[in-house]
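The structure comes first, and the description follows.

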Amino acid sequence: MGETDMAWSERKTGYGKGHYFNQMGLAVLVLVFLIALPLAFFPEDIRKFYLSEGGPIEVFSAAGYLIIVATLVREMSYRELLKRWYLVAIPIAMCLRELDFHAHFTTHNITKTTLYVSPDVPLLEKLIGATVVIALGAAFYLLLKNGLRSFVHGLRHGEATAVAIAAAIGCAVLSKVIDGAPSNLTFLGIHLARNDTSAVFEEILELGIPIYLAIAAFAAFPTQDGLTKRAAGQVAPNKPGSVT
């Protein structure tokens, strides 16, 4: 078990658990407020800026992913960063996607098959896009392979890190459901127009992803204050378990 594993396992149901669950509850209130604010108080032009590309919500979302990366780089050893590079690569990719980097520098979105089958797209662009997609696919595969069992174990035992990750996944799923609802229901003969309300919910839920992942990152590592108290015998560490 490495240093990161030990740090994560010691953040189970004991020291600091309530603190991080309080943060998750506060995050819910913040997200509700950010949803209600444009719907109840903002005029249309301010609402559009609020949700626009490069607007405050998008910038805060991107900043949230950078906070996650900074936390991991600060807390993990160099050896652990090399071993678990995917933990850093994924939030960096999510940050760049939030800033629309996946569409700005190629003829088509790198996640669309059009980029790879179109004869008008240069071969170099196709190779770059394929490399990024393959690298991210490998990152998610390693994340699931090495972390799924620990994640499920954490949920069963009420670990703050696992619960925060679950909340982030919930935000991601809900935002995708809202985003895809108009097109997904068309084949049933149901036609829904995308409106300001759905756009607000989608964007704020996407902001919830880095917020909860940041809480998960904070909860995964003991604070310096906690380590100091533990070294002085004021806080009894939990029996460490195996966490990947």
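Two residues are in contact when they have heavy atoms within 4.5 Å of each other. By that criterion, and leaving aside neighbours within four places in sequence, Tyr-212 touches Met-24, Ala-27, Val-28, Leu-31, Ala-164, Ala-167, Ala-168 and Cys-171. The model is a predicted one.

The secondary structure of the protein chain consists of 12 helices and 0 strands. Of its 244 residues, 37% are buried. Among contacts with a separation of 6 or more, 70% are between residues 24 or more positions apart.

Tyr-212 also belongs to the largest nonpolar core, which has 35 residues; Met-24, Tyr-50, Leu-72, Ile-204 and Ile-215 join Tyr-212 as those with the most contacts inside it.

| Helix | Residues |
|---|---|
| H3 | 44-51 |
| H11 | 196-220 |

H11 gives the most to this core, with 12 residues. In general, nonpolar side chains of soluble globular proteins tend to be buried together.

The axes of H3 and H11 come within 10 Å and cross at roughly 30 degrees, which makes H3 roughly parallel to H11. Their crossing is left-handed. On the H3 side, Arg-47, Tyr-50 and Leu-51 take part; they meet Asp-196, Ala-199, Val-200, Glu-203 and Ile-204 of H11. By class, this contact has 5 nonpolar, no polar and 3 charged residues.

Definitions and conventions
Residues numbered from 1 in each chain as written. Predicted model: local features only at pLDDT ≥ 70, side-chain atom pairs only at ≥ 80, totals over all residues. Heavy atoms only, no water. Axes fitted to C-alpha atoms, helices over the stretch in contact; angles between N-to-C directions. Helix = DSSP H or I, 4+ residues; strand = E, 2+ residues; numbered from the N terminus. Parallel < 35°, antiparallel > 145°, perpendicular 65-115°, else oblique. Left-handed = near helix turned anticlockwise from the far one by under 90°. Nonpolar A, V, L, I, M, F, W, Y, C, P; charged D, E, K, R; others polar. Core = buried A, V, L, I, M, F, W, Y, C linked by side-chain atoms within 4.5 Å. Buried < 20%, exposed > 50% of the residue type's maximum accessible area, 1.4 Å probe, protein only.
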